[in-house]
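Please work through each task with the structure at hand before turning to its solution.

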Amino acid sequence: MPTDFTRALAIVAHPDDVEYGTAAAVATWVDQGREVSYLLATRGEAGIDGIPPQESAQVRESEQRASARVVGVSTVEFLNHRDGVIEYGPALRRDLTAAIRAHRPELVITINHHDTWGGTTWNTPDHRAVGRAALDAAADAGNRWIFSELGNEGLAPWDGVRWVAVAGSPWPTHAVDVTDGFERGVRSLLEHRSYIEGLTDTDPRTYCREVLDWITGSAAPRFGGRPAVAFELFAR
Ligand SMILES: [Zn+2]
């Protein structure tokens with residue numbers, strides 16, 4: 001992965017999208033003095049079967065903020081798109097463009113925009129929409145004539161995004177050594193306790209460790225055997 005960046009912005013659909021691997025890399029980047037912020041398109045209110053959306057949104061927002069703190073991230077912003085039915089289109093691109101202009105990152109991280117996670121494991125529509133819009137917004141942010149109203153809101157064009165790194169892609173091209181960030185990655189995922197308790201009967205600690213072992217282990221063979229988080233990197 002490139003290392004010559006000072007600011008990164010992770011743009012994802014739901015609380016926990018960053019924590020399935022990427023957070024371990026974020027911990028490593030923050031250790032190195034880089035500034036990382038999170039932008040979530042929704043509050044994940046449709047994510048827990050046993051908790052109604054209004055209540056779930058509050059729980060998941062606070063769990064997301066706690067999980068960000070574990071890896072040294074203090075800026076966590078939420079858009080008001082609806083969980084499960086995020087629409088790809090100009091409205092979403094505009095929101096992401098505004099965030100990129102406000103944060104001025106050199107690196108944008110997003111979630112798998114492909115149809116599948118590999119093979120025939122179907123991806124969710126929210127991930128596809130947000131991933132694609134993040135890739136598009138990296139360019140939109142630099143063009144003063146696209147969403148020109150943002151200029152009037154004090155958001156000057158930012159053409160400084162040099163890479164978009166897609167997490168969870170079935171076709172990763174780059175990886176980050178997360179030897180040092182691994183344990184914080186596990187704890188960061190563990191902060192999504194309500195979600196995980198709704199998801200599995202496995203003890204949350206065991207679940208989080210197994211998930212992170214699996215994610216970082218699957219990237220390891222192509223990365224000198226080191227625990228790693230892999231990304232598909234789009235350079236601009
Ligand atoms: Zn998600």
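**Exercise 1. List the buried residues of helix 3, and state what they pack against.**

Solution. The buried residues of helix 3 are Leu-92, Arg-93, Leu-96, Thr-97, Ala-98, Ala-99, Ile-100, Arg-101 and His-103, where buried means that 20 or more other C-beta atoms lie within 10 Å of the residue's own (12 or fewer is exposed, anything in between partly exposed, and C-beta atoms are placed from the backbone). The model is a predicted one, in which local features need pLDDT of at least 70 and side-chain atom pairs count only at pLDDT 80 or more, while totals for chains, interfaces and linings use all residues. Residues are numbered from 1 along each chain as its sequence is written. Helices (H or I, at least four residues) and strands (E, at least two) are DSSP runs, numbered from the N terminus.

The next step is to find the partners: the buried residues of helix 3 pack against strand 1 (7–12), strand 2 (35–40), strand 3 (76–78), strand 4 (107–111), helix 4 (125–140) and helix 5 (149–152). Contact here requires C-beta atoms, placed from the backbone, that lie within 7 Å.

**Exercise 2. Describe how helix 3 packs on helix 4.**

Solution. Begin with the geometry: the two axes come within 8 Å and cross at roughly 55°, the axes being lines fitted to C-alpha atoms over the stretch in contact, with angles from 0 to 180 degrees between N-to-C directions. Helix 3 is therefore oblique to helix 4, since angles under 35 degrees count as roughly parallel, over 145 as roughly antiparallel, 65 to 115 as roughly perpendicular and the rest as oblique.

Then list the residues: Leu-92, Arg-93, Leu-96, Thr-97 and Ile-100 of helix 3 meet Ala-129, Ala-133, Ala-134, Asp-136, Ala-137, Ala-138 and Asp-140 of helix 4. By class, this contact has eight nonpolar, one polar and three charged residues (Ala, Val, Leu, Ile, Met, Phe, Trp, Tyr, Cys and Pro count as nonpolar, Asp, Glu, Lys and Arg as charged, and the others, Gly among them, as polar).

**Exercise 3. Carry out the analysis for helix 6 and helix 8.**

Solution. Helix 6 (residues 182–190) and helix 8 (residues 204–219) pack at about 130°, with their axes 9 Å apart, and helix 6 is therefore oblique to helix 8. On the side of helix 6 the contact is made by Phe-182, Gly-185, Val-186, Leu-189 and Leu-190, and on the side of helix 8 by Pro-204, Arg-205, Cys-208, Arg-209, Val-211, Leu-212 and Thr-216. Its classes are eight nonpolar, two polar and two charged residues. As for burial, eight of the nine residues of helix 6 are buried, and these pack against helix 1 (22–31), helix 2 (53–70) and helix 7 (193–199) as well as helix 8.

**Exercise 4. Is Phe-147 buried or exposed, and which residues does Phe-147 touch?**

Solution. Phe-147 lies in the loop between helix 4 and helix 5. Phe-147 counts as buried because it has 21 C-beta neighbours inside 10 Å. Not counting residues up to four places away in sequence, Phe-147 touches Arg-94, Thr-97 and Asp-140.

Key. Two residues are in contact if their C-beta atoms, placed from the backbone, lie within 7 Å.
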